[in-house]
Amino acid sequence: MDCFQQATSLSLFGAEQLIKEAQGVTLCESNSDRESNFSNGTLVLTSHRLFWRDMASLVLLSVDLKLIKSVTEDRNRSAEGFPRLCITFFQVCLSFRWPLAAM
């Protein structure tokens with residue numbers, strides 16, 4: 001999940017529009033067998049970005065949609081009935097590492 005950047009707010013850019021918001025979402029990287037630290041959060045999809053927010057730790061992350069090749073739901077590995085979305089990126093992203101150093 002190295003493509004995600006730490007975000008400071010859910011403020012939308014000029015023409016950016018909110019498309020969908022879902023709670024209890026777990027994210028995983030399609031080409032990785034590692035367990036995700038991105039579990040049971042709030043997913044916010046806009047016309048330009050995908051946000052993931054962990055309300056417990058107040059972490060807010062975002063990724064530009066242009067970096068995402070596909071998103072699929074992994075129904076076999078969903079935790080507690082919540083959606084588990086697996087993201088495939090167009091490229092290897094090295095700009096973000098989990099956990100955040102400040103935490």
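Which polar atom of a side chain lies 2.8 Å from the backbone nitrogen of Arg-49? In the predicted model described here, that atom belongs to the side chain of Thr-46, and the contact falls under the definition of a polar contact (a pair of N or O atoms within 3.5 Å, where within protein one must be able to donate a hydrogen and the other to accept it, and where residues adjacent in sequence count only if both atoms are side-chain atoms). Residues are numbered from 1 along each chain as its sequence is written, and side-chain values use heavy atoms, with hydrogens and water left out. As the model is predicted, local features need pLDDT of at least 70 and side-chain atom pairs count only at pLDDT 80 or more, whereas totals for chains, interfaces and linings use all residues.

The chain contains zero helices and seven strands, these elements being DSSP runs numbered from the N terminus (helices, H or I, of at least four residues; strands, E, of at least two). Read along the sequence, the pattern is accordingly β-β-β-β-β-β-β. The seven strands form an open sheet of mixed pairing in the order S1-S5-S4-S3-S2-S7-S6, where two strands are taken to pair if DSSP finds at least two bridges between them. Strand S1 (5-6) and strand S6 (68-73) are the edge strands, each pairing on one side only. Strands of a sheet pair through backbone hydrogen bonds, either parallel or antiparallel. Strand S2 (residues 18-29) runs antiparallel to strand S3 (residues 41-46), to which five bridges join it, and within this pairing Val-44 in S3 is the bridge partner of Glu-21. Strand S2 is also joined to S7 by four bridges, and these two strands run parallel; Cys-28 stands opposite Cys-86 in S7.

Two salt bridges are found in the structure, each requiring a side-chain nitrogen of Lys or Arg within 4 Å of a carboxyl oxygen of Asp or Glu. One of them joins Glu-16 to Arg-49, with the closest N and O atoms 2.7 Å apart; because Glu-16 lies in the loop between S1 and S2 and Arg-49 in strand S4, the pair ties together parts that are 33 residues apart in sequence. Both Glu-16 and Arg-49 are buried. Thr-46, which lies in strand S3 and is buried with a relative accessible area of 1%, also contacts this pair, since its side chain makes a polar contact of 2.5 Å with the side chain of Glu-16 and a polar atom of its side chain lies 2.8 Å from the backbone nitrogen of Arg-49. The charged end of Arg-49 furthermore sits over the ring of Phe-13, 3.9 Å from its centre, under a rule that places CZ of Arg or NZ of Lys within 6 Å of the ring centre and within 35 degrees of the ring normal.

In the salt bridge between Glu-21 and Arg-53, the N to O distance is 3.7 Å. This pair likewise links distant parts of the chain, with Glu-21 in strand S2 and Arg-53 in strand S4, 32 residues apart. Glu-21 is partly exposed at a relative accessible area of 44%, and Arg-53 counts as partly exposed at 22%.

Backbone geometry was examined as well. Most residues other than glycine have a negative phi, and most peptide bonds are trans. Asn-40, although not a glycine, has a positive phi of about 50°; Asn-40 is found in the loop between S2 and S3 and is partly exposed, with a relative accessible area of 47%. Leu-58, also not a glycine, has a positive phi of about 60°; Leu-58 lies in the loop between S4 and S5 and is exposed, with a relative accessible area of 68%.

Terms used. Buried means under 20% relative accessible area, exposed over 50%, partly exposed in between (1.4 Å probe, protein chains only).
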